[in-house]
Amino acid sequence: MDEIVVSTVVYLPPEEVYDFLADFPRYVHYSEHLTDVTRRTGDGGAGTRYAMRFSWWKLNYTAVSEVTELHPPDRIDWRIVKDFRAHGHWHVEELPELPDDAPEDAETACRVVFEVSYDADSADESTLNLPRFVSFGWVIDKLKPALEKEAERVVSRIVEDLEGRQRPVELTVDRRKD
C-alpha cells in the first residue's frame, strides 16, 4: 500500500472544520481532476456512498466511495468500494495553543490531517478505457505523483475557503510505501 499524508494548521474551531470536511460534494471545488460528486445513497452519515467523477489526462473514471465512520468533531473515515483498494480519513485535532506564526486575528487553531492509503496494483485495468498503445503500468507510474500533488492542492484550497482568506499555507507531506 502507498500512503499520502498531508497536514496543516487551520485557524478555526474543530467543529466548524469538521462540518466543512463532512460535506463531500463540496470537494469538486478544490480538485483539479474531480469533476462531479453525487450522493448515491445515505444521508451523509456512515454508509453513505458517493459517485466521484475524475478526469485526468485522457482518462475518465467514476470512483464509488463510502463513508465508513464519523466521529464528530475529530474524524471522518472513508473507503473506495469498487475496482481498487483505497481508504483514508480526515482527522481534526484542536491545538492547545496558537502557533507562533498564527495570524493576528486567530483565536483558535486545529491541525487538519488528510490521509489516504491505496494499492495501485489492485486496480483492474479492464475498468479503464485506455488509448491504444498505452500500457496500464505506464498510467499507474504517471498517476502516483499526480495523486500526491492533488492531495496537496485540495488541502491548500480547503484551508483558503474555510478561513475566507488567502495566506501562505504550510503543508507537511509524508509519502510512505509498505
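Predicted model: local features only at pLDDT ≥ 70, side-chain atom pairs only at ≥ 80, totals over all residues.
**Entry 1: a charge over a ring**

I began at Arg-26, whose charged end sits over the ring of Phe-20, 3.9 Å from the ring centre. For a charge to sit over a ring, I need NZ of Lys or CZ of Arg within 6 Å of the ring centre and within 35 degrees of the ring normal.

Residues are numbered from 1 along each chain as its sequence is written, and side-chain values use heavy atoms, with hydrogens and water left out.

**Entry 2: aromatic pairs**

I searched the whole structure and found 5 aromatic pairs. Rings of Phe, Tyr and Trp (its six-membered ring) pair if their centres lie within 6.5 Å; planes under 30 degrees apart are stacked, over 60 edge-to-face, and the rest tilted. Phe-20 and Tyr-30 make a tilted pair because their planes stand at 45°, with ring centres 6.1 Å apart. This pair links distant parts of the chain, 10 residues apart: Phe-20 is in helix α1 (residues 14-21), and Tyr-30 is in the loop between α1 and β2 (34-41).

Are these two buried or exposed? Phe-20 is buried at 10% relative accessible area, and Tyr-30 is buried at 3%. My cut-offs are under 20% for buried and over 50% for exposed, with partly exposed in between (1.4 Å probe, protein chains only). Across the protein, buried residues make up 42% of the 178 residues.

I also noted a cluster in which ring pairs link Phe-24, Tyr-27, Tyr-50, Trp-90 and Phe-114.

**Entry 3: elements and strand pairing**

I listed 2 helices and 8 strands, in the order β-α-β-β-β-β-β-β-α-β from the N terminus. Helices (H or I, at least four residues) and strands (E, at least two) are DSSP runs, numbered from the N terminus. Two strands pair if DSSP finds at least two bridges between them.

I followed the pairing from β4 onwards. Strand β4 (residues 59-71) runs antiparallel to β5 (residues 75-80), joined by 6 bridges. The two form a hairpin with 3 residues between them, and His-71 stands opposite Arg-75 in β5.

Next, β5 pairs with β6 (residues 85-94) in the antiparallel sense over 5 bridges. I found Arg-79 bridged to His-87 in β6, and Ile-76 to Trp-90 in β6. Their hairpin has 4 residues between the strands, and there Asp-83 takes a positive phi near 75°.

Last, β6 and β7 (residues 110-119) pair in the antiparallel sense over 10 bridges, with Glu-115 in β7 as the bridge partner of His-89.

**Entry 4: the largest pocket**

I looked up the largest pocket and got a volume of about 250 Å³. Of its 14 lining residues, the closest to the centre are Val-9, Tyr-11, Pro-99, Asp-101 and Glu-170. A pocket here is an open set of points on a 1 Å grid over the protein atoms alone, where a 1.4 Å probe fits, with protein on both sides within 12 Å along at least five of seven lines; lining residues have an atom within 4 Å of a point.

Which strand gives the most to the lining? Strand β1 (residues 2-10) does, with 3 residues. I sorted the lining into 7 nonpolar, 3 polar and 4 charged residues, with Asp, Glu, Lys and Arg counted as charged, Ala, Val, Leu, Ile, Met, Phe, Trp, Tyr, Cys and Pro as nonpolar, and the others as polar.

Notes: Points joined across faces, edges and corners; volume = space filled by probe spheres on them.
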